[in-house]
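Hi everyone, thanks for coming. Today I'd like to walk you through one structure, starting with its charged pairs and then moving on to its rings and its core. Please have a look at it first.

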Amino acid sequence: MMRQILLAALAATVLGAHAHAGPGQDFADFATRLGSEASARSQAAAQRPAAPAHPLDIEDPFGFELEQFSVEALMLSRQIDAAGGPIDLRCIFRGMSADAERRLGALNTAETAAEQAHIYSALADLMRDASEIAPAVDSDADLSGIELPASCPATSRAG
């Protein structure tokens with residue numbers, strides 16, 4: 001009997017933890033994983049800075065996942081927009097989407113491993129930012145301390 005009670009309590013705890021996780025936390029977890037990979041690739045490329053860069057192979061999962069990150073960031077922005085959420089948060093995710101796309105293109109056009117190391121490092125920073133900001137989608141977090149890019153229309157639109 002005691003075992004059944006303990007199992008029921010454990011199940012309630014696990015299910016409760018998953019019930020609180022939402023799309024923002026899922027996105028944050030995805031970004032954390034991508035950031036770790038980008039950091040490892042940056043370190044590897046930095047070991048051979050003068051070597052010619054190697055564009056991502058079409059079958060490289062990292063390239064696919066960066067594209068997926070870009071799409072999911074844009075989808076989060078649209079979900080926030082549809083829900084009437086804060087303009088600054090919508091803008092942040094649109095910016096992350098565009099930034100990931102630009103950096104994916106830059107990885108494929110870089111000429112040296114040093115350039116790629118720098119791009120991978122910037123991607124790791126982007127993913128770190130995403131993992132810190134994304135959980136706000138699941139809550140009413142105050143984002144007033146986050147500096148928006150100058151190109152963000154949040155400062156020019158009401159909402």
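**Charged pairs, rings and a core**

Let's begin with Arg90 and Asp81, whose side chains meet in a salt bridge (2.5 Å, N to O). By salt bridge I mean a side-chain nitrogen of Lys or Arg within 4 Å of a carboxyl oxygen of Asp or Glu. Before going on, a word on the source: this is a predicted model, where local features need pLDDT of at least 70 and side-chain atom pairs count only at pLDDT 80 or more, while totals for chains, interfaces and linings use all residues. Residues are numbered from 1 along each chain as its sequence is written, and side-chain values use heavy atoms, with hydrogens and water left out.

How many salt bridges does a search of the whole structure find? It finds seven. Among them is the one between Glu65 and Arg33, at 3.1 Å from N to O. Glu65 lies in helix H3 (residues 61–82) and Arg33 in helix H2 (residues 23–46), so this pair ties together parts that are 32 residues apart in sequence. When I say helix, I mean a DSSP run of H or I with at least four residues, numbered from the N terminus; strands are E runs of at least two. Glu65 is buried at 18% relative accessibility, and Arg33 is partly exposed at 44%.

Another salt bridge joins Arg41 and Asp60, with the closest N and O atoms 2.8 Å apart. Arg41 is in helix H2 and Asp60 in the loop between H2 and H3, so the pair ties together parts that are 19 residues apart in sequence. Asp60 is buried, with a relative accessible area of 15%.

Now for the rings. Rings of Phe, Tyr and Trp (its six-membered ring) pair if their centres lie within 6.5 Å; planes under 30 degrees apart count as stacked, over 60 as edge-to-face and the rest as tilted. By this rule there are three aromatic pairs. One of them is Phe27 with Phe93, an edge-to-face pair with 5.8 Å between centres and 75° between planes. It links distant parts of the chain, with Phe27 in helix H2 and Phe93 in helix H4 (residues 87–109), 66 residues apart. Both Phe27 and Phe93 are buried.

Why is the pair of Phe62 and Tyr120 called tilted? The ring centres of Phe62 and Tyr120 are 5.8 Å apart and the planes are at 55°, so the pair is tilted. Phe62 sits in helix H3 and Tyr120 in helix H5 (residues 113–133), 58 residues apart.

Last, the core. A nonpolar core is a set of buried Ala, Val, Leu, Ile, Met, Phe, Trp, Tyr and Cys residues joined through side-chain atoms within 4.5 Å. The largest one has 31 residues, and Phe62, Phe69, Phe93, Met96 and Leu123 touch the most other members. H2, H3, H4 and H5 are the elements that give two or more residues to this core, and H5 gives the largest share, eight residues.

Technical notes: Buried means under 20% relative accessible area, exposed over 50%, partly exposed in between (1.4 Å probe, protein chains only).
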